Amino acid sequence: MDILPILSTLRRHKLTAWLLILEIALTCAIVCNAVFLISQRLQRMDMPSGVAEHELLQIQVADVLKPVNPYARAQEDLAVLRQVPDVQSVAFSNQVPFGGSSSNGNVLLDPNQPQRTLNATTYFGENLVSTMGVQLVAGRDLRPDDFVDVETALKGLRTGDSKSLPHVTLITRTLAGRLWPGQNPLGRLIYLTPTVGLRVVGVLASLVRPNAYDAATAQYTMVVPVRMGADKSESYIIRTRPQDRARVLGAALAVLKKADPQRVVTTQRSFDEVRSRFFKDDRAMAGILLGVIIALMIVTALGIVGLASFWVQQRRRMIGVRRALGATRADILHYFQTENFLLATLGIALGMALAYGINLFLMLHYELPRLPAVYLPVGAVLLWLIGQLAVLGPALRAAAVPPVVATRSV
Amino acid sequence: MFAYYLDLALRSLRRNKALTALMVLAIALGIGASMTTLTVLHVLSGDPLPGRSGEIYYPQIDPQDLRGMYPGKEPPSQVTLIDGMNLLRAKRADHQALMTGGEVPIQPEQSALDPFYVDARYTTADFFPMFGTPFLFGHGWNAADDEAKAREVVISHNLNQKLFGGANSVGRTLRLAGTAFQIVGVLDRWQPNPHFYDLNTGSYAYGEQVFLPLQTMMDLHLSRDGSNDCWGNGGGGTDTILPADTCVWLQFWVQLDNPLKVAAYKQFLIHYSEDQKALGRFQRPPNVRLRNVMQWLDYNMVVPDDVRLQTWLALGFLLVCLVNTMGLMLAKFMRRAGELGVRRALGASRRALFAQLLIESGVVGLVGGFGGMLLALLGLWLVRQRSSDYAALAHLDFSMLLTTFVLALCATLLAGLLPAWRACQIAPALQLKSN
């Protein structure tokens with residue numbers, strides 16, 4: 001196909017052509033960035049938790065009257081929960097992966113360093129690692145004799161009495177790699193305050209923070225041997241088979257209510273729901289972005305149809321003349337298809353530059369990474385496709401113009 | 001003349017229904033998407049205390065130790081109990097209140113109702129006059145009740161409906177966490193959005209059901225919620241233990257009704273910090289901030305990033321729709337070159353043609369704006385179906401409704417300018433000849 005005649009025709013319709021190119025460029029730029037944003041969200045929603053999510057349940061209960069001995073109450077609850085049929089294991093934790101609310105501590109490598117090394121989340125509670133199915137890759141799990149009651153620990157913190165403080169911790173592989181790159185973390189000390197030194201006794205494959213908003217620090221996690229009393233902010237975590245979850249949840253609630261009919265159940269859900277709730281805004285955003293991409297494509301396609309129809313009508317005589325001079329229907333069809341391809345290509349080229357511009361703006365304001373070049377061809381292919389699809393109808397109509405038109409109306 | 005142009009515009013639009021529909025659809029989609037996101041943005045960045053927010057300030061001081069200090073670092077976003085009580089008792093502002101949040105169990109007298117938990121605000125007495133809370137019955141407590149750790153409670157309109165069927169419950173008893181409280185006031189509907197006075201408990205569509213004195217809460221060890229930051233050997237505390245002295249966990253608000261008082265209060269905060277440093281309690285040099293409500297919301301970036309991003313996205317979409325409409329309008333006007341040529345030849349000025357074509361764009365804009373409004377209503381309905389905490393607030397108000405039409409009209413007139421100008425450049429003779 002000879003493109004020179006097409007270019008010379010377009011030169012006579014500069015304004016319209018440029019508007020079409022501009023529309024394609026804007027669409028291309030927005031679509032590239034939107035696809036990139038969607039992939040970012042999907043990637044985030046896929047963040048690993050390190051726990052056996054499909055086998056876990058979370059229950060939180062709140063007592064109307066504070067139990068006299070909250071530690072005994074927690075142990076009693078754990079005991080009755082273990083009796084529930086099909087319950088494999090039960091733990092009592094201060095927080096759950098992707099639960100949102102979290103307890104965090106500043107990690108120091110030297111008790112006297114002026115700035116913290118990093119901020120890590122601290123999981124407390126017995127049986128956590130085994131119940132949640134967290135994989136231990138080195139060292140040992142926490143033992144019952146490692147544990148300290150939370151009130152004792154807090155008093156120890158105030159008085160500086162290190163005997164009443166916990167002495168060991170588990171950390172994730174990521175945290176170990178960040179604190180001591182390439183070295184064996186087992187046996188090393190980290191400090192939460194100048195008086196609380198914890199020796200690393202085990203390394204976990206993965207355990208995500210409850211507030212994993214930033215992928216870079218999502219795995220900065222410690223498990224510290226602190227025992228909590230029954231309290232509305234702590235969670236019972238129950239492990240069971242995936243197919244038994246609903247039944248076990250019902251039975252577990254029943255025994256907890258039976259132990260104290262006055263108490264109020266504030267949370268009851270599977271870990272699948274915990275994850276789904278944590279990422280609900282990302283899911284919604286991905287949906288909105290997809291909707292915008294589709295709407296943009298439709299609007300642009302309709303715009304192309306509109307303008308192409310206008311051009312076909314305007315050039316009916318020219319088409320007739322060409323047909324009369326021997327051009328085939330295919331020639332006419334290809335003419336309009338090539339014209340659209342040229343416009344789309346110009347638009348896409350402009351759009352890519354614009355896409356980088358938008359990405360720079362987003363990087364500045366929304367902590368987004370740089371747009372990988374791989375997203376540019378995605379936008380390009382989409383727009384070429386849309387352009388060709390949209391122009392097909394008007395082009396076919398153009399091809400159907402009979403040669404006799406050339407002889408009329410002159 | 002206007003009526004005649006309007007008639008011409010309608011005829012022209014009717015002549016080419018498909019093209020007109022395309023333009024209207026593009027405008028409606030663009031306006032609908034933009035107005036949906038702009039309305040959400042408008043609702044979320046609204047003033048929680050209209051008329052008052054400029055006088056309400058949030059003092060920040062820096063009681064932390066030297067670890068982690070660097071120049072220009074913001075002080076903590078809350079205060080310790082000691083500093084909170086010191087500032088409260090200093091009474092240097094027109095009103096001041098120290099507060100935190102939590103949840104308390106309510107044990108209704110009616111046996112039909114099970115005990116249930118409600119969100120509570122533990123605060124000192126000035127909360128009510130300072131924030132101008134509307135009372136349906138009764139009133140708040142006073143500073144003497146604060147010091148006496150009074151068992152007094154103010155309840156929300158909703159809770160009063162639930163427990164007392166909306167009757168005047170002032171003077172009645174309410175059992176909270178095993179303790180009998182006397183109801184002293186019932187609030188009318190009051191839910192400032194954003195929940196500016198404590199952003200840790202959720203920024204939007206959050207409201208407490210019971211309000212009781214802070215010192216009563218400490219006396220009874222009622223449970224606390226919210227953020228808690230400690231340093232040194234500070235421990236966050238549990239339900240029965242308050243956070244350590246080196247923890248910030250309370251919000252402190254003041255009312256200062258003129259700029260002189262604001263400047264004086266800032267000086268007071270600096271002097272306070274210096275005094276505390278001299279006493280050895282503070283280690284850092286004075287580092288104070290005094291932001292009013294809107295500045296505080298801005299500083300905390302309370303409007304979710306996603307909402308801003310969606311607004312940019314929608315505006316980008318609107319831009320594409322406008323370019324699209326501009327192209328279509330150009331095609332439409334150029335197709336009528338013959339007709340315009342005849343009108344020019346018969347004596348119509350360029351200005352008259354320009355006006356006629358712009359009116360045609362305006363009609364497209366108005367119809368598109370109406371479609372956009374319907375789409376925005378649909379869009380907002382979709383937003384309300386989402387589970388975000390702000391979802392329920394997404395409603396179109398009158399000002400946004402007006403904005404919709406103004407935006408649609410301006411956008412299409414802008415989009416019509418170039419095509420109309422181009423169409424007016426047509427040389428009449430050329431057009432007449434070719435016909």
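This is a predicted model: local features need pLDDT of at least 70, side-chain atom pairs count only at pLDDT 80 or more; totals for chains, interfaces and linings use all residues.

## First stop: a helix in chain B

Select helix 11 of chain B, residues 337-345, and pick out its buried residues: B:Leu340, B:Gly341 and B:Arg344. They sit on the same side of helix 11, because they cover an arc of only 105° around the axis. That arc is taken from the directions from the helix axis to the C-beta atoms. "Buried" here means that 20 or more other C-beta atoms lie within 10 Å of a residue's own; 12 or fewer makes it exposed, anything in between partly exposed, and C-beta atoms are placed from the backbone. Helices (H or I, at least four residues) and strands (E, at least two) are DSSP runs, numbered from the N terminus.

Residues are numbered from 1 along each chain as its sequence is written, and chains are lettered from A and ligands numbered from 1 in the order in which they are written.

## Where the chains meet

Now show both chains. 45 residues of chain B are in contact with 44 residues of chain A, contact meaning that two C-beta atoms, placed from the backbone, lie within 7 Å. Which element gives the largest share of the side of chain B that touches chain A? Select helix 10 of chain B: it provides 18 residues.

To see the contact, highlight A:Ala295, A:Val299, A:Leu302 and A:Gly306 on helix 9 of chain A, and B:Leu19, B:Leu22, B:Ala26 and B:Leu29 on helix 2 of chain B.

Then find A:Ile30 in helix 2 of chain A, residues 14-45. Is A:Ile30 buried or exposed? It counts as buried, because it has 25 C-beta neighbours inside 10 Å. Beyond neighbours within four places in sequence, A:Ile30 is in contact with A:Leu296, B:Gly316 and B:Val320.

## Out along chain A

Colour chain A by its domain assignment: domain 1 is 4-46 + 281-408 and domain 2 is 53-278. Such bounds come from an automatic or database domain assignment. The C-alpha centres of these two domains of chain A lie 54 Å apart.

Go to A:Val87, in the loop between helix 3 (70-83) and strand 2 (89-93) of chain A. A:Val87 is partly exposed, with 18 other C-beta atoms within 10 Å. Setting aside neighbours within four places in sequence, its contacts are A:Leu81, A:Arg82, A:Ile238, A:Thr240 and A:Val248.

Select A:Phe98, not a glycine, yet with a positive phi of about 65°. A:Phe98 counts as buried, with 22 C-beta neighbours inside 10 Å.

Over in chain B, B:Lys149 is another non-glycine with a positive phi, about 50°. B:Lys149 is partly exposed, with 15 other C-beta atoms within 10 Å.

Last stop: B:Asn193 and B:Pro194, joined by a cis peptide bond with omega about -5°.
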